[in-house]
Amino acid sequence: MQTPDPQLIAQIKERDACAFQQFFERYREQIHHHVRCIVRDDASANDVVQEVFLRVWNRAGQWSGRGSAASWLFRIATHLSLTHLRTVRRRREQRLEMLSETVEQETQQVPEWMIEAASERPDAQVERADQQRWLRRQVQELSEDKREVFHLIYDAQVEVRDAAERLGIPEGTVKSRLHHGRRQLSQAWQATNNMEEHE
């Protein structure tokens with residue numbers, strides 16, 4: 001009979017290496033798959049997974065006992081995956097200022113619903129890249145709870161039901177955060193366009 005998760009967490013809190021190994025083996029593949037869907041790179045996923053379980057080992061006492069230990073673990077994995085993406089993107093944006101050939105790479109990382117279709121003008125691709133950079137900056141300005149939902153739904157392409165499970169919240173909350181986040185981005189987009197028209 002398997003040791004229940006709450007008992008394993010309690011033992012890990014007491015620095016029980018055997019309990020940690022059981023917990024690790026129980027969730028390693030699921031967490032790796034979850035992280036890989038977000039960071040989309042095997043090497044990075046391996047690094048993030050190690051960091052996830054290191055955090056479990058060092059901070060097992062932070063689990064409140066409310067909700068499942070699995071949901072807590074997935075929240076840690078999501079948070080660290082998104083932190084990794086933000087770090088990578090900051091570095092990438094610095095390079096983009098000097099390297100124009102990475103426009104195509106940018107296109108693959110931005111939700112298509114927010115980007116207007118490319119026009120027929122010769123400078124359409126450059127304009128599109130500017131819009132994409134603007135969108136990424138605006139997403140980072142969203143509250144953390146909305147940002148998590150956006151990255152799961154649009155970057156990791158996770159279904160609403162799965163996002164709710166991984167974040168440990170109801171599906172309705174995921175939909176609400178998505179709705180309000182999209183509305184906030186749309187309002188920012190309209191405000192930006194209005195400012196440009198009056199310049």
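## Helix α1 and its buried side

Helix α1 spans residues 5-13, and its buried residues are D5, L8, I9 and I12. These residues lie on the same side of α1, because they cover an arc of only 100 degrees around the axis. A general rule fits here. An α-helix has 3.6 residues a turn, so residues three or four places apart point the same way.

After α1 comes R15. The phi of R15 is positive, near 65 degrees.

## The overall fold

This is a predicted model. The protein chain has nine helices and zero strands. Read along the sequence, the pattern is α-α-α-α-α-α-α-α-α.

The protein chain has 199 residues, and 41% of them are buried.

How many residues does the largest nonpolar core have? The count is 26. F23 and I31 have the most contacts inside this core. The elements giving two or more residues to it are α1, α2 (17-39), α3 (42-59) and α4 (69-96). The largest share comes from α4, with eight residues.

I31 shows some of these contacts one by one. Setting aside residues up to four places away in sequence, I31 touches V49, V52, F53, L73, F74 and A77. A second, separate core has 22 residues. Among them are W134, V149, F150 and V174. In soluble globular proteins, nonpolar side chains tend to be buried together.

## A loop residue: L142

L142 sits in the loop between α6 (124-141) and α7 (144-155). Is L142 buried or exposed? L142 counts as buried, because its relative accessibility is 2% and the cut-off for buried is under 20%.

Which residues does L142 contact, leaving aside its neighbours within four places in sequence? They are R147, F150, G181, Q184 and L185. One of these, F150, is also part of the second core. L142 and R182 are 40 residues apart along the chain. Their C-alpha atoms are separated by 9.8 Å.

## A helix residue: S44

S44 is in helix α3. With a relative accessible area of 16%, S44 is buried. Its contacts, leaving aside neighbours within four places in sequence, are V39 and H84.

## Cavities

The structure holds two cavities of 30 Å³ or more. The second largest cavity has about 40 Å³ of space. Which residues line the second largest cavity? The lining is made by H79, L82, R86, E144, R147 and E148. Both α4 and α7 supply at least two residues of this lining.

## Cysteines

The count of disulfides is zero. Why does C18 count as exposed? C18 has a relative accessibility of 57%, and exposed means over 50%. C37 is partly exposed, because its relative accessible area is 22%, between the cut-offs of 20% and 50%.

Technical notes:
Residues numbered from 1 in each chain as written. Predicted model: local features only at pLDDT ≥ 70, side-chain atom pairs only at ≥ 80, totals over all residues. Heavy atoms only, no water. Helix = DSSP H or I, 4+ residues; strand = E, 2+ residues; numbered from the N terminus. Buried < 20%, exposed > 50% of the residue type's maximum accessible area, 1.4 Å probe, protein only. Contact = heavy atoms within 4.5 Å. Disulfide = S-S within 2.5 Å. Arc of directions from axis to C-beta. Core = buried A, V, L, I, M, F, W, Y, C linked by side-chain atoms within 4.5 Å. 1 Å grid on protein atoms, 1.4 Å probe; cavity = no way out; pocket = protein on both sides within 12 Å on 5 of 7 lines; lining within 4 Å. Points joined across faces, edges and corners; volume = space filled by probe spheres on them.
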